[in-house]
Amino acid sequence: MKIAILGAMSDEIAPLLDKLQNYETVKYAKNEFYLAKYKNHDLVIAYSKIGKVNSTLTATLLIEKFKCEMLLFTGVAGALNEKLKIGDILYTTSTVQHDLDISAFGHPYGYVPGINVYEKTDDKLNEIAKIVAAKNGINLVGGVIASGDQFICDPVKKEWIKSTFDADAVEMEGASVGQVCATLDIPYFLMRAISDEANGGAEIDFDKFLEEVAQKSAKFVLGMVEYL
Ligand code: SAH
């Protein structure tokens, strides 16, 4: 199978390239796509650059141009749920765009006409993730991911997103990647490792823990490929 592995930042996919060593680089759309073979699968690895626009473009290219049949996202996120601590990893059960607001028309926050508020992820891939976690003794929890084009590092904003959407973690790409895959009928899996707690000083934790936790997420996702 041809599998896309997508991150938002170079640090999120660097551990994969380090591990694979042998890959071909294809330059396209002011970005680079890394083609490799792993466990009988063809991989196309890329980082989109941050935010919903970049991740939408790259997810679409991975599917439409590179013909990937499945997409795995690896990256980091801020925790909203107080049970999630830096270094924990979670898989996404559903996504929501916390910055999409047409409430002036009487709709709930995050509502997308024709789609609704939440986009559910793929049960089958989530089940595979649970098996991989169990086999490796990893504590993996599922949760709702709220995406928006903002780095959340403020307790008031954090509480608003958490309580409005009942979300567990916040980041900037999951909902857009999920929507692309769901619309194009491509099974997808969204994994995040917690880099910060989305409150005051989150940017300091983010810089401190990015490399270490991004590695955890990337390792997990590559481990999943062995079960596909
Ligand atoms: N330090 C980078 C910017 C990182 S933006 C630079 O200066 O270029 C944060 C990235 O990590 C996004 O890809 C987002 O998905 C994720 N993320 C981690 N913690 C987050 C938080 N608290 N709020 C929003 N996104 C977060």
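Reader: Before we start, how should I read the numbers?

Author: The model is predicted, with local features needing pLDDT of at least 70 and side-chain atom pairs pLDDT 80 or more, while totals for chains, interfaces and linings use all residues. Residues count from 1 along each chain as its sequence is written, and side-chain values use heavy atoms, leaving out hydrogens and water.

Reader: Where is Arg192, and is Arg192 buried or exposed?

Author: Strands are DSSP E runs of at least two residues, numbered from the N terminus. Buried means under 20% relative accessible area, exposed over 50%, partly exposed in between (1.4 Å probe, protein chains only). Arg192 sits in strand β10 (residues 188-196), and its relative accessibility is 2%, so Arg192 counts as buried. In β10, nine of its nine residues are buried.

Reader: Which strands pair with β10?

Author: Pairing requires at least two DSSP bridges between two strands. Strand β5 (residues 70-79) pairs with β10 in the parallel sense over eight bridges, with Val76 opposite Ala193. Strand β6 (residues 89-97) runs antiparallel to β10, joined by three bridges, and Leu90 stands opposite Arg192.

Reader: What about the cores?

Author: A nonpolar core is a set of buried Ala, Val, Leu, Ile, Met, Phe, Trp, Tyr and Cys residues joined through side-chain atoms within 4.5 Å. The largest has 56 residues, of which Leu43, Ile45, Leu71, Phe189 and Phe220 touch the most other members. Another core, of twelve residues, lies apart from it and includes Val96 and Ile161.

Notes: Helix = DSSP H or I, 4+ residues; strand = E, 2+ residues; numbered from the N terminus.
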